[in-house]
Amino acid sequence: MFVRFTFVKNKMMCLDIVTKYFKMIEFLTLNFLLILITFFVAGFVKGVAGMGLPTIAMGILSIIMSPLSAASLLIIPSFVTNVWQLFTGPKFVDLIKRFWVMMVGIIIGTLAGSWLLTSINTPYSSVGLGLALIIYSVHGLFGKAFSIPTRLESKLSPIIGITTGLLNGATGIFTLPAVPYIQALNLSKDDLIQALGLSFTVSTIALATGLANGGVFQMDNLLYSAIAIIPALMGMWVGGIVRKRISIKTFRICFFIFIAMIGIEITLHPFI
C-alpha cells in the first residue's frame, strides 16, 4: 500500500513538473513572439519617421513587462540602428564639437536617472513612463515649431542634456527634450538626422551603463536584445519603402495618437 502511494505521489509530482515546464515554454514562446513583433513595429516607425524606435518599443513592452526589463531589451537594437543613423552624414566630428557639452549632460543625467529605474517601485516608474509618452505625443500633435538662436546654445545645451538624461535614465525614453531642441537649431536635413543619431547613440550607451551599474543586465535579456536587431532592421527596411508612398504628415498624426493611447494605458494600469 505504501509503495503504491509513493508511486502515485511521484507520478503526480512528475506530471506537475511537466505541466509547469510546458507552461513556462508557452510563456517564453509568447513573450518571444511579442518581442519580435514589437521591434518590427518599432523599426517600421523609425524607417518611416527617422525616429521613434525606443518610444514605440518601451511603450508596447511596458504593457507586458516592467519598464526595467523593457529598457534592457531595448539596448542592442537601439544602439545598432542609432549608430547606423549617426554615420549617415559626413559631419560626425563637427557635430561632436558642437554638441559635446549636451552629450556630457545626457551621460550625467542618465546615470543619475537610471537609479530611479532600477530602485523605485515598478508601478511608479510605469506611471512616469506613461506620462512621458503622453507629453511627447501632445507636443508632437500640437506643439509649434520654434527656433533657437545660436547664441543661446552654450547656455541651453547642458540643461537640455541633463534633462534628457534624467528622463532617459528614469523611463528609457530619450526623445524629450533633446529632439525638439535639436530640431529648433535650424540644422540642414542631413545634419539633423546625424545630430539626432549622435544624441540617441550617447543616450543608449549611457542607459546601458546605468543598467549595468544597477546590476540588472542579465544574459537572457542580452540574448533577446541581440535577436531583436533582426526584426528592427527588417522593420526599418519596410518603413523606408512605405515612407516613399504615404504622406509623412498623415503618418505623424497616427503615430502620435498611437503613442498617446499607449501612454494613457500605462499611466492608468497600476490604478485599475
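Here are legends for close-up views of this predicted model.

Residue numbers start from 1 along each chain as its sequence is written. Local features need pLDDT of at least 70, side-chain atom pairs count only at pLDDT 80 or more, and totals for chains, interfaces and linings use all residues, while side-chain values use heavy atoms, with hydrogens and water left out.

View 1. Helices α5 (122-142) and α11 (248-268) each give it at least two residues. (Helices are DSSP runs of H or I, at least four residues, numbered from the N terminus.)

**View 2. Phe142 on α5.** This phenylalanine sits in helix α5. With 65% relative accessibility, Phe142 counts as exposed (exposed means over 50% relative accessible area, with a 1.4 Å probe and protein chains only).

**View 3. Helix α2 against α11.** α2 (residues 53-64) packs on α11 at an angle of about 35 degrees, the axes lying 10 Å apart (axes are lines fitted to C-alpha atoms over the stretch in contact, and angles run from 0 to 180 degrees between N-to-C directions). Residues in contact (heavy atoms within 4.5 Å) include Ile56, Ile60 and Ile63 of α2 and Phe255, Phe258 and Ile262 of α11.

**View 4. Helix α3 against α8.** Here α3 (residues 67-86) and α8 (residues 189-213) meet at about 145 degrees, with axes 8 Å apart. Among the contacting residues are Leu68, Ile75 and Phe79 from α3, plus Leu196, Phe200 and Leu207 from α8.

Methods: Buried < 20%, exposed > 50% of the residue type's maximum accessible area, 1.4 Å probe, protein only.
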